[in-house]
Amino acid sequence: MRRELPLAISFIIGLLVTVEFFFNIKVLQDWSKEIQNWGIIVAAFALGLASVNLLRIHAGNIRTRRENWPFSIALIVALLFMAGLGVAQSANHPTYKFWFDNLFSPCQATVYAMTAFYISSAAYRAFRIRTFEASVLLVSAAILMLGRAPVGELIFSGFPKWADFLVDVVNMSGQRGMMIGAGIGAISGGLRILLGIERGHIGGSSA
Amino acid sequence: MLIAKRIFSFWYLIFVCGSILFTMYRSMKLGKVPKIRKIAGLDAIEEAVGRATEMGRPVHFSPGIGGITAIEAPQTFAGLAMLNYVAKLTARFDVPLIVTIRTPEVLPLAEETVSQAYVAEGKIDAFKADNIRYLSSQQFAYAAAVFGIIVREKPAANFLLGAFWAEALMLAECGSFMGAIQIAGTAQLSQVPFFVASCDYTLIGEELFTGAAYVTQDPGQLGAIVGQDIGKVVSAALIILGVILKVIGDKTLENLMKL
């Protein structure tokens, strides 16, 4: 029963939402909307559970004086402070926005900016492999960069057209092939989950 | 009754689902279990966990940063199915498994998946709930926290299987710098090149969805893969037919697809 009930609920809800997407039936649309609202409520509870998980792990770090434990204090203080502020004053309050915009957002932007450096190191690793495929990749990337950078057109006026051909024809055809495969794979995965044949996510390996 | 512009999609979905159900039935009830080609990334999972065992270092697993209700949900579920397999291996080999979570709804599923895998291997005492870690719902805060875990705990194997976006490259490069054997898989096509460049093995697109079938060799799931292939063959045939009809100026198929 512990397994069957979640599977039955998944099947009914999955079927209902899928049918509602294709058919114009008022009752189904209302139910679907209601289910989506339940989803929001469940997500809110899940956030509560996740916060408990976070607090438990970091409280444990402080208690056992694990390496870098003062950072756990910073995390717990920040978590409780921002959660308290959000509950007391709402997330649109100037104080909440001040901390979010001036402390959290710059940190997030900094992490995102690091992508540029990671792209360089990944590209170096991809291009140095001495295989035919790596050579094709290198030549394509060089043409693409020259086609997109203004200096490329000064060197040779055909570079932008070559770059467009690579992106719109060669790359796009490959991507669409993968997209069709992934889309049908997702349908198959969804069907297996709804029918309870794939149960990895609830702890069972298969039917 | 059917909503306009979704009629063709509906019948196509019925056809694909019908093909999958038929091939699943054929495999489960008639015993005609198909063989699927070798997928290096999936074969390497056991080797990666074995390497972690030899090195006495943990295994890190991320089921992606997608949720369980949006379009990327199948990828998250595929990641969780693979987590089940990896957790069984780590339980069997007594290797610590660290699972990092970004979406709160995925946390209870991941906890259940790992704990049940440890129960199945008879090692429930080795299960540590604190190793299933919710980090942050914010994308880059999650990425930064995973960096920290990878640098501090030095996992010997890094599994990134699920839906990933801009943090994909960062996580894979971080694992690469730390010398972990890396197996990644996603159906987010814009992130696939990054995984290919940074990881030892990459499951591209649909390979992620075949993972559970491949590792469990479950007849029903293997049968579903054949159904998928029928859908792909028909899609390819429709593309070729569409090109021919477009060239000769016939719009029948185009109009049919617009229904």
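1. Helices H4(A) and H5(A) run roughly parallel to each other, a label given to angles under 35 degrees, with over 145 counting as roughly antiparallel, 65 to 115 as roughly perpendicular and the rest as oblique. H4 covers residues 94-113 of chain A and H5 covers residues 115-128 of chain A; they pack at about 15°, with their axes 5 Å apart. The axes are lines fitted to C-alpha atoms, for helices over the stretch in contact, and the angles run from 0 to 180 degrees between N-to-C directions. Helices (H or I, at least four residues) and strands (E, at least two) are DSSP runs, numbered from the N terminus. On the H4(A) side the contact uses Val111(A), Tyr112(A) and Ala113(A), and on the H5(A) side Thr115(A), Ala116(A) and Phe117(A); contact means heavy atoms within 4.5 Å. By class, that is 5 nonpolar, 1 polar and no charged residues, where Ala, Val, Leu, Ile, Met, Phe, Trp, Tyr, Cys and Pro count as nonpolar, Asp, Glu, Lys and Arg as charged, and the others, Gly among them, as polar.

2. A word on provenance before going on. This is a predicted model, in which local features need pLDDT of at least 70 and side-chain atom pairs count only at pLDDT 80 or more, while totals for chains, interfaces and linings use all residues. Residues are numbered from 1 along each chain as its sequence is written, chains are lettered from A and ligands numbered from 1 in the order in which they are written, and side-chain values use heavy atoms, with hydrogens and water left out.

3. Staying with H5(A): its 14 residues reach 20 Å from the first C-alpha to the last, close to the 20 Å expected at 1.5 Å a residue. The expected span is 1.5 Å times one less than the number of residues. Its buried residues are Thr115(A), Tyr118(A), Ser121(A), Ala122(A), Arg125(A) and Ala126(A); buried means under 20% relative accessible area, exposed over 50%, and partly exposed in between (1.4 Å probe, protein chains only). They cover an arc of only 135° around the axis, which puts them on the same side of H5(A); the arc is that of the directions from the helix axis to the C-beta atoms. Exposed Phe117(A) and Tyr124(A) sit on the face turned away from that buried side.

4. What covers the buried residues of H5(A)? The cover includes H4 and helix H6 (132-148) of chain A, together with helix H5 (139-153), helix H6 (167-177) and helix H7 (192-198) of chain B. One residue to look at from the chain B side is Glu173(B), found in helix H6 of chain B. At 0% relative accessibility, Glu173(B) counts as buried. Leaving aside residues up to four places away in sequence, Glu173(B) touches Tyr118(A), Ser121(A), Ala122(A), Arg125(A) and Ser198(B).

5. Leu80(B), in helix H3 (residues 73-93) of chain B, is also worth a click. Leu80(B) is buried, with a relative accessible area of 0%. Beyond residues up to four places away in sequence, Leu80(B) touches Gly200(A), His201(A), Pro63(B), Val106(B), Leu109(B), Ala110(B) and Thr113(B). Leu80(B) and Val114(B) lie 34 residues apart in sequence and 9.1 Å apart in space, C-alpha to C-alpha.

6. Next, H4(B). This helix (residues 106-120) has 15 residues, which should span 21 Å at 1.5 Å a residue, and its end C-alpha atoms are 21 Å apart, in agreement. Its buried residues include Val106(B), Leu109(B), Ala110(B), Thr113(B) and Val114(B). The buried residues of H4(B) pack against helix H2 (26-63) of chain A together with strand S1 (59-64), H3, strand S2 (97-101) and strand S3 (132-134) of chain B. Gly122(B), with a positive phi near 70°, follows H4(B).

7. Two residues are worth a backbone check. Ser90(A) has a positive phi of about 80° although it is not a glycine; Ser90(A) is in the loop between helix H3 (69-89) and H4 of chain A and counts as partly exposed at 34% relative accessibility. Gln217(B), likewise not a glycine, has a positive phi near 55°. Gln217(B) lies in the loop between helix H8 (206-216) and helix H9 (219-247) of chain B, and is partly exposed at 47% relative accessibility.

8. Finally, chain B as a whole. Chain B has 10 helices and 6 strands, and its C-alpha atoms fill a box of roughly 65 × 45 × 35 Å along the principal axes. Of its 259 residues, 56% count as buried.
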